Structure formats: C-alpha cells, structure tokens
Amino acid sequence: RLLGIFHSPYQATDPDLFREMMASLPNELTSFVFIDIGSGKGRALLMASDYPFKKILGVELLPDLNRVALQNIRDYKSASQRCADIDSVCADARVFEFPTDPLVVYLFNPLPECGLVDLTHHLSESVACNPRDVWLLYYNPVLERVLISIPTFQKVSGTAQYVLYHSKAGS
C-alpha cells in the first residue's frame with residue numbers, strides 16, 4: 001500500500017511467483033470468482049485473466065489507485081486472456097460483500113493486522129451464511145498468524161513466499 005497509510009509501500013505482484021501460486025489452486029476454476037483484496041493498479045487482476053475464472057474483481061480502498069486499475073483493465077489486451085469479465089471497485093475490504101460464488105481470495109498484505117482480522121472474520125461469516133469453496137492465497141504471509149486463528153480456513157500448502165488456505169463448501 002502507500003507508505004504511511006498502511007505502513008508498507010505499494011508493491012506489485014511478481015508475475016513468475018503469481019503463476020507459481022496459481023498452480024497450487026485446483027485445475028477447475030470456471031465457477032470461481034477471483035478477488036484481489038487491495039488490488040492497487042490491477043496487475044494481479046490482469047494476470048488472473050490468463051486463467052478461466054467466472055469473474056475477476058479487485059477491491060481497492062484508495063480512489064486514485066482504483067482509477068488507474070480501471071484504466072488498465074480497459075486498456076488490457078492479451079492473447080492468453082481466458083477471462084474478460086474483470087472489474088475493480090473502490091471499497092473498504094473489511095466490510096466488502098463477498099459474492100456467493102466459490103472464491104479465490106488473493107491477499108498481498110493489503111491491510112494492517114487489525115484490518116486483516118476484520119476481513120477474515122467477515123469472510124468467515126460469509127462462508128457460514130453461504131457455504132462454498134473459498135481459497136485464500138496469501139503472498140508474503142507476514143500476518144499468517146491471523147489466518148491460523150480462523151477455524152473456517154485450513155492451511156493446504158505454502159512456501160516461505162506464500163500460503164494457501166481452504167474452506168470447503170459445507171464444512
């Protein structure tokens with residue numbers, strides 16, 4: 001995020017590591033909505049469009065970054081693109097209403113610890129009200145202790161660079 005607002009500088013996702021992280025997800029993604037929390041200028045959204053998601057959505061708190069993301073989405077053209085339904089909303093991720101579809105939620109340290117706690121509790125409540133598969137893909141998991149404390153999600157895999165958590169529909 002922007003230095004001084006969330007205590008860490010804005011940083012875009014590395015494309016090679018993004019592809020490695022995506023390879024850890026299930027093969028069948030056509031019913032899933034990809035959501036990037038703290039989507040910034042939209043790089044992860046555009047990279048996610050190379051995968052067959054039902055929809056791709058960014059959630060960004062800062063209007064200036066969201067405007068850039070929307071322009072990047074409009075301008076983006078790629079022969080490898082498999083999902084063209086891409087959008088970004090300017091919203092507070094802690095209270096964002098998650099779609100009731102199966103989800104892949106991507107995090108790259110978008111919030112301070114208290115905000116991540118709020119977000120994960122809100123997402124857990126969403127899963128409890130509308131049971132569905134939800135994958136949490138957390139890049140640079142410096143606050144993984146927050147995810148560990150949420151019983152809705154179980155760790156599936158990970159490396160020093162990212163972790164993957166899952167909440168299976170109906171569990």
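Reader: Are Phe34 and Phe53 buried or exposed?
Author: This is a predicted model, in which local features need pLDDT of at least 70 and side-chain atom pairs count only at pLDDT 80 or more, while totals for chains, interfaces and linings use all residues. Residues are numbered from 1 along each chain as its sequence is written, and side-chain values use heavy atoms, with hydrogens and water left out. Buried means under 20% relative accessible area, exposed over 50%, and partly exposed in between, with a 1.4 Å probe and protein chains only. Phe34 and Phe53 are both buried.

Reader: How many aromatic pairs are there?
Author: Rings of Phe, Tyr and Trp (its six-membered ring) pair if their centres lie within 6.5 Å; planes under 30 degrees apart count as stacked, over 60 as edge-to-face and the rest as tilted. By this rule the count is 7.

Reader: What kind of pair do Phe18 and Tyr51 form?
Author: Phe18 is buried at 1% relative accessible area, and Tyr51 is buried at 18%. Phe18 lies in helix H1 (residues 15–22) and Tyr51 in the loop between helix H2 (43–48) and S2, 33 residues apart; helices (H or I, at least four residues) and strands (E, at least two) are DSSP runs, numbered from the N terminus. The ring centres are 6.4 Å apart and the planes stand at 65 degrees, so the pair is edge-to-face.

Reader: Which residues do the ring pairs link into a cluster?
Author: Phe34 and Phe53 form a tilted pair, 5.2 Å centre to centre with 50 degrees between the planes. The cluster linked by ring pairs consists of Phe18, Phe34, Tyr51, Phe53 and Tyr106.

Reader: In what sense do S5 and S7 pair, parallel or antiparallel?
Author: Tyr139 stands opposite Tyr162 in S7. S5 and strand S7 (residues 162–167) are joined over 6 bridges, and the sense is antiparallel.

Reader: Where is Asn109, and is the residue buried or exposed?
Author: Asn109 has a positive phi of about 50 degrees although it is not a glycine. The residue sits in the loop between strand S4 (103–107) and helix H4 (113–129). With a relative accessible area of 14%, Asn109 is buried.

Reader: Over which residues does pLDDT stay under 50?
Author: pLDDT is the predictor's confidence in each residue, from 0 to 100. The chain has a mean pLDDT of 91, with 92% of its residues at 70 or more. Where pLDDT is low, the predicted coordinates should not be read in detail. The stretch under 50 is residues 1–7.

Technical notes:
Contact means heavy atoms within 4.5 Å. Two strands pair if DSSP finds at least two bridges between them.
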